[in-house]
Amino acid sequence: MRRLILLRHAKSDRPAGVADHERPLNDRGRRAAPAVGAHLAEAGFRPELALVSTATRTRETWEAISAALGPPEARYHREIYEAPSTRILDVIRGAPDAVETVIVIGHNPGLGDLAATLAGEGPRKERARLATEFPTAAYAVIDFDAATWSAVSPGQGRLERYVRPRDIDPALGG
């Protein structure tokens, strides 16, 4: 079995004169990210490998959640930044087969599109909600019966869990 955790970066700031790639987390994002990391750990979702966009906000999100998760090995991929779902899936398919659980930290709309595309099974209501919103710091856990990461395909996953920050704590919004 393969387990994939797709996590959208936490809420970011938009400082004047700062390029999109360099935008940091804002206060809400700095509160939400460790809460999400703790929630993942409490639920037993502990990845062995993190595939992280090179953007500042995704790197800061990873730093904030990784302490609660182990931390596992992290690999930074420029290809995940502002990528369509197909490009993110290509990065995932390149994960080592010795790794059973991977987390991807990236951006919308590609990450949310990928989550909705991969989850062909699971609770219908949750899949419908996932298809309509993937807010900052939300995550989806999708399981596959694939023997290798290269065999992970659209529609073949089972949505195990979909969590938004406000599901953890209404004060986190998102």
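Select Thr54 to begin: at 18% relative accessibility, Thr54 counts as buried (buried means under 20% relative accessible area, exposed over 50%, and partly exposed in between, with a 1.4 Å probe and protein chains only). This is a predicted model, in which local features need pLDDT of at least 70 and side-chain atom pairs count only at pLDDT 80 or more, while totals for chains, interfaces and linings use all residues. Residues are numbered from 1 along each chain as its sequence is written, and side-chain values use heavy atoms, with hydrogens and water left out.

**Stop 1: around Thr54**

Thr54 sits in the loop between β2 (49-53) and α2 (56-69). Helices (H or I, at least four residues) and strands (E, at least two) are DSSP runs, numbered from the N terminus. Now show the side chain of His21: a polar contact of 2.8 Å links it to the side chain of Thr54. A polar contact is a pair of N or O atoms within 3.5 Å; within protein, one must be able to donate a hydrogen and the other to accept it, and residues adjacent in sequence count only if both atoms are side-chain atoms.

Which residues are in contact with Thr54, leaving aside its neighbours within four places in sequence? Select His21, Arg59, Tyr76, His77 and Arg78 to see them. Contact here means heavy atoms within 4.5 Å.

**Stop 2: the sheet**

Switch to a cartoon view and find the open sheet of seven strands, whose order is β3-β2-β4-β1-β6-β7-β5, with mixed pairing. Two strands pair if DSSP finds at least two bridges between them. At the edges are β3 (73-77) and β5 (119-121), each pairing on one side only. From one strand to the next, the twist averages 25 degrees.

Pick Ala119 and you will find its bridge partner in β7, Gly157. Next, colour helix α5 (residues 124-132), which packs on the sheet and touches β5, β6 (139-144) and β7. The direction of α5 makes about 70 degrees with that of β7; axes are lines fitted to C-alpha atoms, for helices over the stretch in contact, and angles run from 0 to 180 degrees between N-to-C directions.

**Stop 3: strand β1**

Is β1 enclosed or open? Seven of the seven residues of strand β1 (residues 2-8) are buried, so it is largely enclosed by the rest of the structure. In a regular strand the side chains alternate between the two faces of the sheet. Show the side chains of β1 and look at both faces: Arg2, Leu4, Leu6 and Arg8 are buried on one side, and Arg3, Ile5 and Leu7 are buried on the other.

Then turn to the neighbouring strands. β1 pairs with β6 in the antiparallel sense over six bridges, and Arg2 stands opposite Phe144 in β6. β1 and strand β4 (residues 101-106) run parallel and are joined by six bridges; pick Leu6 to find its bridge partner in β4, Val104.

**Stop 4: two crossing helices**

Select helix α3 (residues 85-93) and helix α4 (residues 110-118). Their axes come within 8 Å and cross at roughly 70 degrees. That makes α3 roughly perpendicular to α4 (angles of 65 to 115 degrees count as roughly perpendicular, under 35 as roughly parallel, over 145 as roughly antiparallel and the rest as oblique).

Show side chains where the helices meet: Ser85, Ile88, Leu89 and Ile92 come from α3, and Gly110, Leu111, Asp113, Leu114 and Leu118 from α4.

**Stop 5: residues in the loops**

Ile80 lies in the loop between β3 and α3 and counts as buried at 1% relative accessibility. Leaving aside its neighbours within four places in sequence, Ile80 has contacts that include Leu51, Val91 and Val104. Glu82 is also placed in the loop between β3 and α3, but counts as exposed at 53% relative accessibility. Check its backbone too: phi of Glu82 is near 50 degrees, a positive value in a residue other than glycine.

Move on to Pro109, in the loop between β4 and α4. The peptide bond from Asn108 to Pro109 is cis, with omega near 10 degrees.

Finish at Arg164, in the loop between β7 and α6 (165-168). Arg164 counts as buried at 13% relative accessibility, and its side chain makes a polar contact of 2.7 Å with the side chain of Glu133.
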